[in-house]
Amino acid sequence: QVQLVESGGGLVQPGGSLSLSCAASGAILNIDVMAWYRQAPGNQREWVADIYPSGHTNYANSVKGRFTISRDNAKNTAYLQMSDLKPEDTAVYYCSADITIVQSVGTIRTEYWGQGTQVTVSS
């Protein structure tokens with residue numbers, strides 16, 4: 001089955017940088033949009049950024065100019081380069097992807113989510 005696995009989270013000081021990755025694996029025929037979300041304790045999950053196969057990107061205003069989303073289509077992997085990190089960026093970061101998978105009787109398209117990776121911005 002398809003899995004999305006986030007990695008790269010950790011503890012970083014304010015103003016620092018961190019890079020996250022999201023690797024999709026399985027019998028994948030196609031990946032359309034990939035996106036990053038985040039969720040802080042007690043908060044709703046919020047959208048951070050997304051990227052389409054063409055390379056077109058969108059960002060939440062809170063991260064625009066500081067975060068960069070990218071993808072490597074050949075590796076079925078998305079990335080989130082985060083810079084000038086602030087304490088309010090602290091959250092569990094989740095990757096999502098709209099994936100078409102191969103099954104024995106055909107294909108199916110659905111949205112998948114990773115388990116999340118913790119990013120903590122603190123002195």
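Visitor: Is Trp 113 buried, partly exposed or exposed?

Guide: This is a predicted model, and every value here is computed from it. Trp 113 has a relative accessibility of 31%, so the residue counts as partly exposed.

Visitor: Which aromatic pair does the structure hold, and how is the pair oriented?

Guide: An aromatic pair is read from two values, the distance between ring centres and the angle between ring planes. There is one such pair in the structure. Tyr 37 and Trp 113 have ring centres 4.9 Å apart and planes at 55 degrees, so the pair is tilted. Tyr 37 belongs to strand S4 and Trp 113 to strand S10, so the contact ties together parts that are 76 residues apart in sequence.

Visitor: What lies over the face of Trp 113?

Guide: Arg 45 does, at 4.8 Å from the ring centre. The charged end of Arg 45 also sits over the ring of Tyr 94, 3.8 Å from the centre of that ring.

Visitor: How should I read the nonpolar core, and which residues have the most contacts inside it?

Guide: In soluble globular proteins, nonpolar side chains tend to be buried together. Here the largest nonpolar core has 32 residues, and Trp 36, Leu 80, Met 82, Tyr 93 and Ile 99 have the most contacts inside it. At least two residues of this core come from each of strands S3 (18-25), S4 (28-39), S5 (46-51), S7, S8, S9 and S11 (117-121). S9 supplies the largest share, six residues.

Visitor: How many disulfides does the structure hold, and which residues form a disulfide?

Guide: A disulfide is a covalent bond between the sulfur atoms of two cysteines. The structure holds one. Cys 22 and Cys 95 form it, with their sulfur atoms 2.0 Å apart. The link of Cys 22 and Cys 95 is left-handed, with -75 degrees about the S-S bond. Cys 22 lies in strand S3 and Cys 95 in strand S9, so the link ties together parts that are 73 residues apart in sequence.

Visitor: Is Cys 22 buried or exposed, and is Cys 95 buried or exposed?

Guide: Cys 22 is buried, at 0% relative accessibility. Cys 95 is also buried, with a relative accessible area of 0%.

Visitor: How many salt bridges are there, and which residues are linked in a network?

Guide: A salt bridge is read from the distance between a side-chain nitrogen of Lys or Arg and a carboxyl oxygen of Asp or Glu, with a cut-off of 4 Å. By this rule there are six salt bridges. Arg 38, Glu 46, Arg 66 and Asp 89 are linked in a network of them. Arg 66 is in the loop between strand S6 (57-59) and S7, and Asp 89 is in the loop between S8 and S9, 23 residues apart. Both Arg 66 and Asp 89 are buried.

Visitor: Which residue forms a salt bridge with Asp 32?

Guide: Arg 109 does, with an N to O distance of 2.8 Å. This pair links distant parts of the chain, Asp 32 in strand S4 and Arg 109 in strand S10, 77 residues apart. Arg 109 is exposed, with a relative accessible area of 52%.

Visitor: In which loop is the place of Asn 76?

Guide: Asn 76 is in the loop between strand S7 (67-72) and strand S8 (77-82). Asn 76 has a positive phi of about 50 degrees and is not a glycine. The residue is partly exposed, with a relative accessible area of 24%.

Methods
Residues are numbered from 1 along each chain as its sequence is written. This is a predicted model: local features need pLDDT of at least 70, side-chain atom pairs count only at pLDDT 80 or more; totals for chains, interfaces and linings use all residues. Side-chain values use heavy atoms; hydrogens and water are left out. Helices (H or I, at least four residues) and strands (E, at least two) are DSSP runs, numbered from the N terminus. Buried means under 20% relative accessible area, exposed over 50%, partly exposed in between (1.4 Å probe, protein chains only). A nonpolar core is a set of buried Ala, Val, Leu, Ile, Met, Phe, Trp, Tyr and Cys residues joined through side-chain atoms within 4.5 Å. A disulfide is a pair of cysteine sulfur atoms within 2.5 Å. Rings of Phe, Tyr and Trp (its six-membered ring) pair if their centres lie within 6.5 Å; planes under 30 degrees apart count as stacked, over 60 as edge-to-face and the rest as tilted. A charge sits over a ring if NZ of Lys or CZ of Arg is within 6 Å of the ring centre and within 35 degrees of the ring normal.
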